[in-house]
Structure formats: structure tokens, C-alpha cells
Amino acid sequence: MTYKAIVLDLDGTLTNNKKEITPKTREALLSAQRNGMRVILASGRPTYGIRPLADELQIGQQGGYVMAYNGGCVTQWDNKAIIFNQTLNADLVPILYRAAKEDSRHFEILTYQGEGIAATDISNEYVRHEAFINKMPLTQYDDFVHQVQYPINKCLIVGDPTPLALLERHLAQTLQGQCSVYRSADFFLECVPLGIDKAASLARLLPTLGLTREEIIAVGDGHNDISMIEYAGLGVAMANAADATKAKADYITRSNEEDGVAHVLQKFCGVE
């Protein structure tokens, strides 16, 4: 099979633990694009938080796309045209807020406003980690539900992994048929419009590209990458991926600290 596009998660996949693309991985992706391969960046990050990496990889010059908010917003990167955008029902925000803040386990909730992040506690370690990942400033919203400027693409509930996993199950049941909830990391719970995931957005995008699912490689490490790993012709999990993600992959590559993405391009696409 000749693969014609590679879909990449960012954190824990494309970037190392410093949230940087290593020189080897960068050069492999630039070389792949020069050979005609399209690069699609697929992340739970907002579009603004993906921008620096998309520009670093020059995907705008090579027909690349950005799938932000776990696929909730898809952008053609050369002209920044939004080809798909699904926003979160505003009526769900108070429900998500109460689930986070009225619980004794002290979760926090955040969303994205323009080029910044609005959160219920900007001193929280997980909130600050999300700001670090995206290189976006934080603003404290003490009246979160009423201060949020709608529409928004998602909310993110953050907290310690064990109680957050319990909250995930609770919300998945109580909001079934209203929105989708799943973790992108052990401490991040994504709350997105119903049916939004990376595979669903890939299925929407591929006809625009004239490609089939068999012609794409999808690489990821998190729970929210499972759908696209299962969907793609070649689904790849990083060595540092969650066990559940590895179990669904066709191939397990090296870790994000060992240029796992570059290894995939070398092994399956002949990129040197």
C-alpha cells in the first residue's frame, strides 16, 4: 500500500515531553511532504494552540489540514478556511460546570476564548499544564457559566486521574445522546459535541482530499486517538501510548522521546 496522508496526534506523539518537535521528526515530515504526502494534525487542542506546530511543519504549503478540538473544527491550513465546525450546545455548559464544581473531589473546568483559556481556577496544576501545552494565557472566570462568550467548541474538565475516570463514566451515562465525553489524558476529560471524534472528522475530510481510509496512517498515544487508529488503513500507537490504545493498533512504534513518528515514515513510506 502507498500511503498518501499521515494523521498525527500532537502531545505524546508528534512532540516530545518538552512539547517540541525533534529535528529528526521535523525533517522526516518535511521530506514526506516533499514526496507528496499530506500531513493532518489532529488534537484536542484549540486551533490557536496547534498553529505554531502546523507552521513549523509547513503544512500550509503542502496541502495540510488541522483538526482541532478532537475534530470539532477542521481547517484547511493554506488559506485558513474552516471546512467543518461543530460547537457545543450552550445548555450543556451549566451541567458540566456543576459536575465539576459541585463535586467534593474539586475538579476544574475550562474553555477557550479567542487566543486565551478561561478557567475556574488558573492556579490549578492541570489548568496550568493545558496553558503550557497550548502556549495560551489564562483568565480567571469566577462566574464561568455566565462569563463564557458563546459559541464554544468544547469544555475540558481537569483533575486527578482516578476520580476523573469515575466522573467520565457518570457523565457518559447522564449525558448520553447529548454530548461526547472521553479522556485525552488521564487528567483531561474532553466534553465535546455529540459524535465528535477524530475518526468522524477524518471520514468527513477524506472525500475532499480524494483519499480513502486505506491510504492514510494515523498515529497517536491517548484514549481519544483510538477511533482514528481503528479507522485508518494503518493505525499506529506510540510506545508510550495507553495500553487500551496499543491494543487497537496495527503497529507500535517507538516513543515520542525516540522519534516514533519518524520511524513510522521510514518503515512504511521509505522516508530517509
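Mentor: A salt bridge is a side-chain nitrogen of Lys or Arg within 4 Å of a carboxyl oxygen of Asp or Glu. This is a predicted model, in which local features need pLDDT of at least 70 and side-chain atom pairs count only at pLDDT 80 or more, while totals for chains, interfaces and linings use all residues. Side-chain values use heavy atoms, with hydrogens and water left out, and residues are numbered from 1 along each chain as its sequence is written. By this rule there are twelve salt bridges, among them the one in which the side chains of arginine 45 and aspartate 11 meet at 2.7 Å, N to O.

Trainee: Which parts does the pair of arginine 45 and aspartate 11 tie together?

Mentor: Helices (H or I, at least four residues) and strands (E, at least two) are DSSP runs numbered from the N terminus. Arginine 45 lies in the loop between S2 and helix H2 (47-56), and aspartate 11 in the loop between S1 and helix H1 (23-34), so the pair ties together parts 34 residues apart in sequence.

Trainee: What is the order of the strands in the open sheet?

Mentor: Two strands pair if DSSP finds at least two bridges between them. Here the open sheet has eight strands in the order S5-S4-S3-S2-S1-S12-S13-S14, with mixed pairing, and its edge strands, S5 (81-85) and S14 (251-252), each pair on one side only. Within it, S3 (residues 65-68) and S4 (residues 73-76) pair in the antiparallel sense over four bridges, with methionine 67 opposite valine 74 in S4.
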